Amino acid sequence: MRLLLAVIFMASGFLKLVEPSANFLAVIHSYQVVTGFPARAFAEAIPWVELIAGAFLLAGLWIKFSTALLWVLNSFFIGIIAQAILRRLPVKDCGCFGEAFLSFTLPQALIFDIFTWVLLILLFLSRVDKRKLRC
Amino acid sequence: VGPFLNPHKLKLSVLIILLCVLSVTLARAFRFEPARSFVFSSGNPKAPIHIVEYLDFQCKSCRLTHQYLEETFKKNPSKIYWQVRYFPLRGHLHSLKSAVYAECASRHGKFFEFQRLLLEEQDRWSALPKDAIDSTFEEYAQKMGISTDHLRTCVNDPRVKEIVVLEKQSARGFGVKETPTYFVNGKMAVGLQAITEEIEKLLEKTGEKK
């Protein structure tokens with residue numbers, strides 16, 4: 001489960017990063033939630049967070065912290081996608097994996113994000129349980 | 001020593017971050033080709049704001065963003081140098097053909113007029129079936145005094161289509177994937193929101209009208 005999540009987030013971050021950040025910025029704009037500096041900051045930061053936290057998961061470092069960080073990010077994605085569906089925004093591609101590697105419609109992206117959100121919770125809880133057992 | 005101060009763990013974390021940065025830097029270096037010279041341009045080449053526009057004549061966002069740029073250009077003609085390039089999208093039925101006709105119009109010095117007409121009449125010709133599109137574009141070209149015979153020869157020339165396709169491929173090489181995409185002084189901006197923010201920021205710097 002940890003490796004699966006690591007691969008998902010590393011791929012998601014890496015594929016966004018090899019493209020110009022303007023493409024991901026356009027995706028953020030298409031959700032019509034943030035503009036200006038916050039949107040630019042998100043476009044620059046989110047892919048790096050995904051890639052580095054995913055790499056930490058893969059290496060088995062800072063697992064609880066990385067899982068919690070990705071869970072917060074994933075919760076944010078779920079909220080953004082859900083509001084876009086409710087507002088019927090014309091977002092063709094969720095922009096989850098950068099350029100056309102895996103192209104999801106909004107409902108597909110929502111299901112996928114809920115799936116990873118649950119996996120992140122399970123991974124986090126499994127780490128908590130292990131610590132409790134040690135005590 | 002607490003888990004946060006474990007030197008081995010910290011070293012490994014720094015190494016992982018460096019590896020991430022290195023892999024992205026290498027991937028970007030191989031992914032993007034350098035930009036080449038541009039063909040269709042208007043304005044002052046020495047202007048402080050250089051805009052390269054990648055558009056699809058059948059895309060509605062392109063029309064809206066182009067209108068915004070035209071207005072801004074009219075207000076600040078000495079401050080903007082504007083270049084146009086083709087990026088016909090696959091999902092639009094007449095995108096490629098409209099770009100081919102625009103390329104042929106350019107050979108008669110009518111690129112900008114043809115482009116303007118294409119964007120103004122976009123709703124009309126976008127709704128047409130495939131077999132009715134040539135006659136409509138020929139009608140537009142006739143309005144500009146372009147001979148239909150010359151136009152047909154040009155449109156049927158496979159090299160013309162190749163120019164458009166190569167331009168799109170080249171744009172993909174430096175990260176363009178949708179329209180409208182702009183390079184404003186080399187910085188990429190996609191869509192109306194991004195281009196508006198970028199231009200307004202630069203116009204503020206140069207002290208010109210928005």
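Predicted model: local features only at pLDDT ≥ 70, side-chain atom pairs only at ≥ 80, totals over all residues.
Two strands count as paired if DSSP finds at least two bridges between them, and strands here are DSSP runs of E with at least two residues, just as helices are runs of H or I with at least four, both numbered from the N terminus. With that in hand, let me start with chain B, where strand β4 (residues 181–184) is joined to β5(B) by four bridges, the two running antiparallel. Within this pairing, Phe183(B) stands opposite Met188(B), which belongs to β5(B).

Residues are numbered from 1 along each chain as its sequence is written, chains are lettered from A and ligands numbered from 1 in the order in which they are written, and side-chain values use heavy atoms, with hydrogens and water left out.

Back to the sheet: five strands of chain B form an open sheet with mixed pairing, in the order β1-β3-β2-β4-β5. Because β1 (40–43) and β5 (187–190) of chain B stand at the edges, each with a single partner strand, one side of each is left without a neighbour in the sheet.

Now to the interface, where 23 residues of chain A are in contact with 27 residues of chain B, contact meaning heavy atoms within 4.5 Å. How many salt bridges does the rule find across the interface of chain A and chain B? It finds one, formed by Glu197(B) with Arg40(A), whose closest N and O atoms are 3.1 Å apart.

On the side of chain A that touches chain B, α1 (2–17), α2 (21–30) and α3 (36–59) of chain A each supply at least two residues, and α3(A) gives the most, with eight. By class, that side of chain A has 15 nonpolar, five polar and three charged residues, where Ala, Val, Leu, Ile, Met, Phe, Trp, Tyr, Cys and Pro count as nonpolar, Asp, Glu, Lys and Arg as charged, and the others, Gly among them, as polar.

Conventions: Salt bridge = Lys/Arg side-chain N within 4 Å of Asp/Glu carboxyl O.
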